[in-house]
Amino acid sequence: MRSLRPGGGGSLGGSVPVTLRAAYRQMLAGLGLLAGLAIAVLAVLITLDVVLRNLGVVNFPWLLEVSEYVVYFATLLAAPWVLHQGAHVRVDLLPTALPARWAGLVERLADGLGLVVSLVLARHGGRIAWDAYERGDVLFKELVIPEWPILAAIPVAGVLLAVEFALRLRRAGGGGDDASAGGA
Amino acid sequence: MDWLAALWLMLGLLLGLMALGLPVAFAFLGVNIVGAFVFLGGEAGLDQMARNTMAAVSNFALAPIPLFLLMGEILFHTGVAFQAIDAVDRLIARVPGRLSIVSVLGGTVFSSLSGSTIANTAVLGSALLPEMLRRGYHPTLAMGPIMATGSIAMLIPPSALAVLLGSLAGISISKLLIAGIVPGLLMSAAFLGYIVLRCRLDPSVAPPYEVSKLSAAERWLPFLKHVVPLFGIFLVVVGSIVAGWATPTESAALGSVASAVAAACYGKLDRRSLVRALRETAKISVMILFIIAASVTFSQILAFSGASNGLLAVIGGMGLSTFALLLAMLAVLLFLGAFMDQVSMIMITLPFFIPLATSLGLDPLWFGVLMLVVMEISFTTPPFGLLIYVMKGVAPASVTLRTVYLAALPFIFLELAVLGLILAWPGLVTWLPLLVRPQ
């Protein structure tokens, strides 16, 4: 249960050019590493802020807001990499209790539902980002920034998640496999 | 649609999607799509659901989660945690169940440095389990203490789950973090007592062996060198919160940087281990936070459809005592914990539990700690406690899942006993947070 679907780190199907497969995997791995790096940079910046503020030198009032955006972007943009790694927690009660053939069908059903859910998220994330762009919505906090680039992370994540679920479905349907996958 | 139908629709669909094996974040998204369309106004409701994903995680209160995880991952992947456990190992003389005692003491030390139960269990399992099994330790005394102590990481600060619970339930995160210390230490003490007693009654469960003779310097110097400085990290994290110098996010950042500095001072911070630590931090953080992003609309739909209030009214009309209702809530958590992860447990139960606890006049801090303790127990409850599977992953292939279940059982009873103590004497958890100064 709750785990971490082994070998979830998958591959693109056999008919997809090798360079495209490699680029896709590298992009996901890059997003994962970027999320980790962003968290580390956040740790350093917040530490600097605490030290410098207590020394009375300077403080970074924008840091609180930047922290919020870092956590948000890291979560959404690295979610497809986590899915690729098979690391999104899940309760696999039914698939593990069923005979292999039925388990395979249930896995495909779950991947199909995941695909639909991701596409709905992408569609409505895209709608609200586009609306924000058209209206020229602006976020007024410590920083004043347009809202649409923030919201645009939702459709981007939704599309990448949908691609990953589609690739899982393709693999389950015998669309090829790649033993080197998942090394992100 | 009346509230009961709404409740069945939301909970039934959620559990159904989870049972299919859809990752829980996507199960929440799926049920929210249906719920938002039905109860929040069709397309507009779906737009609102998408917008909520941003609002849910662009929240400063959640920032300590990745930072606390980063602390533990740095100490784990650089090997600093292993050398600390080795130093504790040298310190313990020839006592019954020696290696089990090392695992409890070493795990408690690492719990004060790591916000991740998985990292804690993996460190202890890979450092101590092979030696325990080689020396003929009974599985209960080999794997039980590792899993039980591994889960203490979510009680003793830094604790990522305490941050999550505090931010979502509106409980002071600083106080909740500090309140976890006493239950965590009580559990360690109970585990130690059980190990010693069990080994005295039946020495064959942990065959005694000759410990190589070490001079006092050989025993104490590694401890002074590899463990004592690490308490500095704990002091930075907890001290800065208690003194009111730093918010939980700031203390978590200080702790992460202090962990990296400690690893660098030991000459163990290389690029490879740092990259691994960053990747693992990102993986676990995103796994937790994406569930939050996906599930926040769930409680809104339950409230908007009338399901939350409807259920609470029914419960209120039962005429049960406050204590009975409290026990019922904890029993529900224990039941859910046998089948699902802690974040899902929080997201499913909070919409009901927090209003109920408030209406009953329960101390939110006490209630929060009780929830944390139950979630800690559920890390090892069969059939699907997460740490059971982490343990199975690091154990030799010959160890069956049933053996791991049985190893966890005595420690689950000990944890339930500690839960009983906290229920009987709330002061056990509420006195220490009184020392926290407001920021």
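# Chat about a predicted two-chain model

User: In chain A, what share of the contacts with a separation of 6 or more is between residues 24 or more positions apart?
Analyst: In chain A, 77% of the contacts with a separation of 6 or more join residues 24 or more positions apart. Contact means heavy atoms within 4.5 Å.

User: What are the ground rules here?
Analyst: This is a predicted model, where local features need pLDDT of at least 70, side-chain atom pairs count only at pLDDT 80 or more, and totals for chains, interfaces and linings use all residues. Residues are numbered from 1 along each chain as its sequence is written, chains are lettered from A and ligands numbered from 1 in the order in which they are written, and side-chain values use heavy atoms, leaving out hydrogens and water.

User: How many helices and strands does chain A have?
Analyst: Chain A has six helices and two strands. Helices (H or I, at least four residues) and strands (E, at least two) are DSSP runs, numbered from the N terminus. Along the sequence the pattern is α-α-α-α-β-β-α-α.

User: What percentage of chain A is buried?
Analyst: Of the 184 residues in chain A, 51% are buried. Buried means under 20% relative accessible area, exposed over 50%, partly exposed in between (1.4 Å probe, protein chains only).

User: Switching to chain B. Is Ile284(B) buried or exposed?
Analyst: Ile284(B) counts as buried because its relative accessibility is 11%. Ile284(B) sits in helix H15 of chain B, residues 271–304.

User: What does Ile284(B) touch, leaving aside neighbours within four places in sequence?
Analyst: With those neighbours left aside, Ile284(B) is in contact with Leu69(B), Glu73(B) and Ser116(B).

User: At what angle do H2(A) and H15(B) pack?
Analyst: Helix H2 of chain A (residues 63–84) and H15(B) pack at about 100°, with axes 8 Å apart. Axes are lines fitted to C-alpha atoms, for helices over the stretch in contact, and angles run from 0 to 180 degrees between N-to-C directions. H2(A) is therefore roughly perpendicular to H15(B); angles under 35 degrees count as roughly parallel, over 145 as roughly antiparallel, 65 to 115 as roughly perpendicular and the rest as oblique.

User: Which residues make that contact?
Analyst: Among them are Val71(A), Leu76(A) and Trp81(A) from H2(A), and Arg279(B), Met287(B) and Phe290(B) from H15(B). The residues of this contact divide into 12 nonpolar, one polar and two charged. Ala, Val, Leu, Ile, Met, Phe, Trp, Tyr, Cys and Pro count as nonpolar, Asp, Glu, Lys and Arg as charged, and the others, Gly among them, as polar.
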